[in-house]
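Let's take a walk through this structure together. Keep your viewer open and select each stop as we reach it.

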Amino acid sequence: MKRTGIAVRLAVLILACSLVILTGIVWYNYVVSRNIIISQDEHTGAGLAQATSARISKVLYAVQKVADSIAYTLEDAEISPKLIDDLGRRVLAGNPEIFGTAIAFEPYSFDPARLYFAPYHYRSQNRIASTNLGSRDYRYFHMDWYQLAKELDKAIWTEPYYDEGGGHALMCTYSVPFYRQVDGKRTFAGVVTADIDLTWLQSMISEVDVYDSGHVFLLSRYGTFISSPNPDLIMNETIFTWAEERGVPELRDVGRAMVQGKSGYRELKDLPGVGDVFLYYMPLPAENWSLAIVFPKDEMLAGVTHLSHTVAIIGLAGFLALAALVIFISGGITRPLRKLTVVANRVASGDLDQKVPEIRTRDEVGELATSFKTMKTSLKEYIANLTTATAERERIESELRIAREIQMGILPKLFPPFPERSEFDVYASIEPAKEVGGDLYDFFFVDDRHFCFLVGDVSGKGVPAAFFMAVTKTLLKVVAERGLDPGPILSKVNADLAAENESCMFVTLFLAIVDIETGETRYANAGHNPPVFLRKGSEPEWVPPLNEPVAGVMEDMEYSTKTMRMEPGDSLFIYTDGVTEAMDGDRNMYSDPRLLELLGTLGAVPAQELVTAVDVSIKAFTGGAEQSDDITMLAMQFHGPLGTNKES
Amino acid sequence: MFRWGMLWIVFAVLVCPVSARSEPPRRARLVLQWYAQAQFAGYFVAQEKGFYTKRGVDLRIVPGGADVLPSDYIDSGKAEFGTMFLSAAIEKRGAGVKLVNIGQIVQQSALMLVARKSSGITGLPDLEGARIGMWGRQFQVQPRALFKRLGIKVDVVQQSPSFDLFMRGGLDAVSAMWYNEYHTLMSYGLDPDEMVTFFFSELDLDFPEDGIYCLEKTWQNDPAMCRAVLEGSLEGWRYAFAHPDEALEIVLKRMRKQKVRANRSHQRWMLARMKDIILDGAPQPIGVLRRGDFERTKATLLSNGFIWAAPEYKQFYKGPTQ
C-alpha cells in the first residue's frame, strides 16, 4: 500500500475545505446580490410602469372628459345640424389629441325620415373635414363603437383598430351613450365618439429605456399587442397566439393574468428572440389595457455576474497563495520527521551508533528528536548491561548444572548393586526436574545381615536444597553404619541437621533396615509419604503412617521404630511426592489411588520391573508435560535367606 | 369500323396538340365570400401553383369582404364563379338567381354556438331567453331551426366581427365558426374548458357549407371550364393539406396584400379545421354534393319559412357524381 505523507494529507484536507468555503462564499454572494438586483428591478419596473401608465391615462382621460361633456350637453340642448357641426369643429380645434369625433343617432331618432344620421368631423390635411357616417355598406348600429356603448349602456374604449380611411394609423375610439327626453322619458338616443391616434402612445412607449435590449409592450383588453418593438406583433397577434406560435405556455398564463387586470413580476425562461427575462406587468384600469416591462436577465444580472467573477478570481488567487503556504509549512514540519524516520529505521536494524540529526525547533518534533536521542543512549546502555548480565547468568547456570551432576553423582546408580546377594533385589530411579531438587535415596549394608535403604525429600529447590540433601545423605550413612535402629538414626540425623539449620530447611525421610536372614524389617518415618507394601499374593497396602514430623526442624525430636516382617516375594515400594503429584497438561494429579491400583495389577515382580512399570504409567499419564518436582522411586523385593523366591 | 378508328387516331394526333397550344386560356373570375384567410387556402394555392392554368383557365380570384355578396357578383356578371354556403345558394336559386353548384368543397357545418361556462349555460335549454349574437341571414338558418325545434325564444343581437360585446359580457352566447371565431376566443385568452360549445353538425342540422357556384348559363356554355375550376380547386386543397406550411405562407401573403390582420397561429388552426370539415372522414377532398345533404338543407329551409320555392337536386347540382 502506498503511504500518504502527513504533508500531503494536511495540504489536501486544508485546501479541500478552503475550496468548499470559497465556493460557498462566491455562490452566496452571487445569490444574494442577484436577489437584490431582481427585487430592485421589480421596483424599477413598477415605477416605470406606473409613470408610463400615468402618462397614457392623462391623455386618454382628457379625451374621455371631452366626449363625456358633449354627451351631457346633448341631453337637453336644442339639437340642429348647425349646432352639431359647430360642436365637432370646436372639439377638434381645442383638443389636438383627438383625431375625429362623431355624434351617431339611433335609427330615425334625429330625423324620422333618416335611418342613418351620424355627422363625423375629422382631421384631413391640416384642416377639419366632415362627413356623414352610415350607409347600406356601413351600418354603424352594428359597429363595436356604437353597439358596445349602447348594449352595455356605458362609456367604453373600443379595441384599437387600423383607420381604413386615413394614413393607416392605429386608432382607438371612446364612445359615450347619450340620452334624450322622449315623451317625458330618458331614452337612449345615440353615441358620442372621440377617436384618437395611438401613434404618439406607441412612440412614447418605444422611447422607454429598459437596459439595452429590454422593452415595454402594451396589450389591449384581449391581449392584442398595441405596442411592441416587433411591428409584426402589433394588431396581428395577441399574447395568446404568440405564446401558441412560439410554444411558450407560461406566456399564456402571464397573458391571462394581464388581461384579468392583475399586476405581477415573474421570470420567463427562454423567451423566443429575447432569452431569459423578468417580466413586470400592471393594468391600465380605465381601458383594461395592460403594460408589461421586459427585463433581459443577462443584462439585469451583468453587474452581479461581473462581481461574482471578480470575487471568484480574487478567491482563486487567495486559494493558490494558501496552497503554497500550506505546502511550505507542512513540508517544514515533516522534513525533520522524515530525517528522524531514516535514523530510526537504521537504529531499528541494530545500528545504535547512528547520529541523531540536530533538530533545533522548539516544538513537538524537537522534543521527539531529543527523546529519540535519549532513547538511543539508554538503549545502548541497557544492551551493554544485558550482555554482562547474560554472561553472568550463563556462568551460574553452568555451575548449577555441574552441581546437579555432582548431586546426582552421589546417588548409587549401579544396578544390580549387589550381584552376589540373592536374598533381596533392590532398584531405584530418580527423574530430576528442570530445577535442582532435593530428592535422595540410598541403600547399603550396615553389617552382613542388615541392609539399610531409604528415600528422602528435601524441602525447597535449588542449590540450598542440593546441599541439604548431600548433607542429609552423608549424615544418614555415617549414623546408620553405627548399627542403630532406624528411629534413633533419624533422631540423631535430625538433631545434627537441626543444629545448624538456620534457613529452616527440612527433609522427609523413610528409612528401613531389613534382616536379610529373617525378613524382619525395622523402619522409621519422618513425615514421608507412606510407602506401599506389596505382600505376595495380597493386595498392596500402605505402610501405616507413624505421624511423626519432618526432620531438620526441631533438634530434640525422637523418632520411633516400627517392625514388620517381609516374607520371600514381598516387596516394599518407596517414593517421593513427585510420583503422586505428577501432573498432566490439565494439572490433574497422578494421585495415590491410581498408584495403588497400578501396583495391584503387577503382582510379585522384580524391583526393576516394578519401578519401570510405575515410570511408564506416570509418563503415559503426564503425556510428556514438564514436571516441577523430582520423581524418585525405590523398590526392594525380599527373596529370603537362600534366595528361595528367586529360584521359585 | 377499322377505317373510322384509324381516322380518329390520325385526327387526334394531328389536331389535339395544335388546339391545346393555339387556343388561348379562358379567362374567369372566382369571387370569395370573405376576406382572404385559410378558409380559401385551396383556391389560393391552386392559383399560385398553376393548377387552374394547366387546365386551361386563367382564373382571377376576387377577394371577398363585408360588402361583397358573391351571388350578386355572379348575377351581375362581375364574376363567373363564386364560393357560397349551400343554404345561401339554395335560397338565391329559390329567389330566382339561376345558380348551379359545380362542386361541393366543405362537407360539414362548422357553425356553432359558444357560451361562457361562467354564465351558467350548460345545455341547450339554458339558452331560453338568452341574448345571442348572430351574423346575417345565411348564418341564422341553423340556429333558428334549432330554437324552433327546441321551442325556445332567444334575443338575437346582430354581432360585430370583434366579439367584443360577448367578451364584455353583453351577450350570453355567440354564433361562431369552428375554424375561425372559436380560435379567436381562445386567442383572447379564453381556455377551451371555460367555454360551452354546441356544434350544429352534431344537432342534426349539419349543412354542407362552401361550394363553388356559377350561373346555369355559364355551365351550359362551357362545362369543361367549370370542371377545370373544380378540379383545380380540389388539387389546390389536396396540395394545401399535404403542405400546410407552404399553404399558410401563401394565405398570409394574400392576407397582407388585402391588408387584413394576418395571424399565423390563427390561420394554422383554420387550415387544420378546414381539413376536418372538407375531408369529413374521407382520405381526399371529393367535391361532391351528396343528395341527402342537399335534401336535408332544402327541407330545413322550406319548413322554417326561409324560402317558398326550391330547385330540384338535378337542376341545382352539376358537379361530379359519387
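Start by selecting Arg131(B), which counts as partly exposed at 23% relative accessibility. This is a predicted model, so read every distance and angle on the tour as computed from it. Glu151(A) is partly exposed, at 27% relative accessibility.

Next, stay with chain B and pick Arg29(B) and Glu80(B), whose salt bridge has its closest N and O atoms 2.9 Å apart. Arg29(B) sits in strand 1 (residues 26–31) and Glu80(B) in the loop between helix 3 (70–75) and strand 3 (81–84) of chain B, so this pair ties together parts 51 residues apart in sequence. Arg29(B) is partly exposed at 25%, and Glu80(B) is partly exposed at 21%.

Move on to helix 11 (residues 264–279) of chain B, where Asp276(B) and Arg273(B) are 3 residues apart, a separation of about one helical turn. These two also form a salt bridge, the closest N and O atoms being 2.9 Å apart. Which of the two is buried, and which is partly exposed? Arg273(B) is buried, with a relative accessible area of 16%, while Asp276(B) counts as partly exposed at 33%.

For a network, select Arg252(A), Arg256(A), Asp191(B) and Glu194(B), which are joined by salt bridges that share partners. Over all chains, the count comes to 45 salt bridges.

Now for some rings: the structure holds 50 aromatic pairs over all chains. One to look at is Phe294(B) with Tyr313(B), where the ring centres are 5.5 Å apart and the planes meet at 55°, so the pair is tilted. Phe294(B) is buried at 0% relative accessible area, and Tyr313(B) is buried at 11%. Over in chain A, look for one aromatic cluster that includes Phe415(A), Tyr427(A), Tyr441(A) and Phe453(A).

Back in chain B, select helix 2 (residues 41–48), which is mostly covered, with 6 of its 8 residues buried; Tyr43(B) and Phe44(B) are among them. Just after this helix, Gly50(B) takes a positive phi of about 80°.

Finish on the surface, where Glu500(A), Glu502(A), Glu555(A), Asp556(A) and Glu558(A) gather in a patch of negative charge. Glu500(A) is exposed, with a relative accessible area of 68%, and lies in the loop between helix 11 (486–499) and strand 16 (507–515) of chain A.

Conventions: Residues numbered from 1 in each chain as written. Chains lettered and ligands numbered in written order. Predicted model: local features only at pLDDT ≥ 70, side-chain atom pairs only at ≥ 80, totals over all residues. Heavy atoms only, no water. Patch = residues over 30% accessible without salt bridge, like charges linked within 9 Å, V, L, I, M, F, W, Y side chains within 5 Å. Areas by Shrake-Rupley, 256 points an atom, 1.4 Å probe, with all protein chains shown as cover. Salt bridge = Lys/Arg side-chain N within 4 Å of Asp/Glu carboxyl O. Lys, Arg positive; Asp, Glu negative; His and termini not counted. Charge placed at Lys NZ, Arg CZ, Asp CG, Glu CD. Helix = DSSP H or I, 4+ residues; strand = E, 2+ residues; numbered from the N terminus. Buried < 20%, exposed > 50% of the residue type's maximum accessible area, 1.4 Å probe, protein only. Phe/Tyr/Trp six-rings, centres within 6.5 Å; stacked < 30°, edge-to-face > 60°.
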